[in-house]
Amino acid sequence: MFSVLKYSKNQKNFFELVKKKLKKHDVVIVKNFLNSETKKYIYKFLKRTFNLRKDIRKSGEFKYFQKDYRRLDIGDSYINSRVSRFVLYTEWNNNNKNLYSKIKDIINLRNDVIGTKKVGFEYNFKGYNSKKYKFCDMIRMIQYPTGGGFLSQHNDREYLFPKQMVNVLVPFSKRSNKRSKFFLNFKKGGLFYVKNRIKIDIENEVNVGDLIFHNQLINHGVSSIDPELNFNLKSFCGRIMLNFSIGKFFIK
């Protein structure tokens, strides 16, 4: 149903193995990619920046050199129904410089898997040539809050992404009945994939700092997070992850 790989810095051309398994299984989990120090730094960065901005309810298309923002999504007026919140972290924002230095190995591995390179902030993909937009890293923290945060089943094939893109997700919370000393945890719900009409819950397979690769065509979603608890839209809580996409940023 999916492939699980143990990361090794000493393994030559590790990206080739990820690419091979991804082609066969559609979903690949790379265990223990981030070390403890890096995980904690990123987690603290996400927690600290979570409350720096007020929620907006509508953002429109991404704009080249735009400011970061925090958006709250509730309802079925989006591409897929959801209760979630995301914070955009643009590479050109100097406040994100240290974050990008910590996540560059993830971006580089993803780029090797899809066979692309970045020049400055920009990617060039065969078959795309437009003066209206640039392809750039679209790094977002996504929160599914305690009390029912969810994302309905969907796939990632849409106009914002190049067809060559592979999505990468990095959990920064863990489904567990035991409280973590450092990271958030939740008890119910979480990420699932659908293959051959079978719903596959993968939360028992992943931990903070693992990488989850999936192609754009596989259906996936997030089951309601701790739906029996009070709905909490104020706190840094629930299921937290970083989403690594490459998307269109339109020129103003």
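How many residues of strand S17 (residues 239–250) are buried?

**Before starting**

The model is predicted, so local features are reported only at pLDDT of at least 70 and side-chain atom pairs only at pLDDT 80 or more, while totals for chains, interfaces and linings use all residues. Residues are numbered from 1 along each chain as its sequence is written, and side-chain values use heavy atoms, with hydrogens and water left out.

Helices (H or I, at least four residues) and strands (E, at least two) are DSSP runs numbered from the N terminus.

**Stop 1: helix H1**

Select residues 14–25, the 12 residues of helix H1. The expected span of a helix is 1.5 Å times one less than its number of residues.

Next, colour Phe14, Val18, Leu22 and His25, the buried residues of H1. Buried means under 20% relative accessible area, exposed over 50%, and partly exposed in between (1.4 Å probe, protein chains only). Viewed down the helix axis, the buried residues of H1 fall within an arc of 85°, so they line one face of the helix. The arc is that of the directions from the helix axis to the C-beta atoms. On the face of H1 turned away from the buried side, select the exposed residues Lys20, Lys23 and Lys24.

What covers the buried residues of H1? The cover includes strand S1 (3–6), strand S2 (27–31), helix H3 (97–114), strand S13 (190–195) and strand S15 (211–214).

**Stop 2**

Most residues other than glycine have a negative phi. Select Asn13, in the loop between S1 and H1: its phi is positive, about 55°, although Asn13 is not a glycine. Asn13 is partly exposed, with a relative accessible area of 44%. Just after H1, Asp26 takes a positive phi of about 75°. Asn32 then lies in the loop between S2 and helix H2 (36–50), with a positive phi near 55°. Asn32 is exposed, at a relative accessible area of 51%.

**Stop 3: Asn111 in helix H3**

Move to helix H3 and select Asn111. Is this residue buried or exposed? Asn111 is buried, with a relative accessible area of 5%. The side chain of Asn111 makes a polar contact with the side chain of Arg110 at 2.8 Å. A polar contact is a pair of N or O atoms within 3.5 Å; within protein, one must be able to donate a hydrogen and the other to accept it, and residues adjacent in sequence count only if both atoms are side-chain atoms. Leaving aside neighbours within four places in sequence, Asn111 is in contact (heavy atoms within 4.5 Å) with Thr116, Tyr123 and Ile246.

**Stop 4**

Select residues 82–89, strand S5, in which eight of eight residues are buried. In a regular strand the side chains alternate between the two faces of the sheet. Here both faces are covered: Arg82, Ser84, Phe86 and Leu88 are buried on one side, and Val83, Arg85, Val87 and Tyr89 on the other.

Two strands pair if DSSP finds at least two bridges between them. The partners of S5 to display include the following.

- Strand S4 (residues 70–75) pairs with S5 in the antiparallel sense over six bridges; a hairpin of six residues joins S4 to S5, and Leu72 stands opposite Arg85.
- Strand S8 (residues 133–144) pairs with S5 in the antiparallel sense over five bridges, with Val87 opposite Met141.
- Strand S9 (residues 150–154) pairs with S5 in the antiparallel sense over two bridges, with Arg82 opposite Leu151.

**Stop 5: strand S17**

Now select residues 239–250: 12 of the 12 residues of S17 are buried. S8 and S17 run antiparallel and are joined by 12 bridges. Strand S10 (residues 167–171) also pairs with S17 in the antiparallel sense, over four bridges. Phe244 in S17 is the bridge partner of Ile139 and of Val168.

**Stop 6: the nonpolar core**

In soluble globular proteins, nonpolar side chains tend to be buried together. A nonpolar core is a set of buried Ala, Val, Leu, Ile, Met, Phe, Trp, Tyr and Cys residues joined through side-chain atoms within 4.5 Å. The largest one here has 73 residues, and those with the most contacts inside it are Leu46, Ile103, Phe172, Phe213 and Leu242. Finish on Leu242: beyond neighbours within four places in sequence, its contacts include Ile42, Leu46, Ile103, Ile139 and Phe172.
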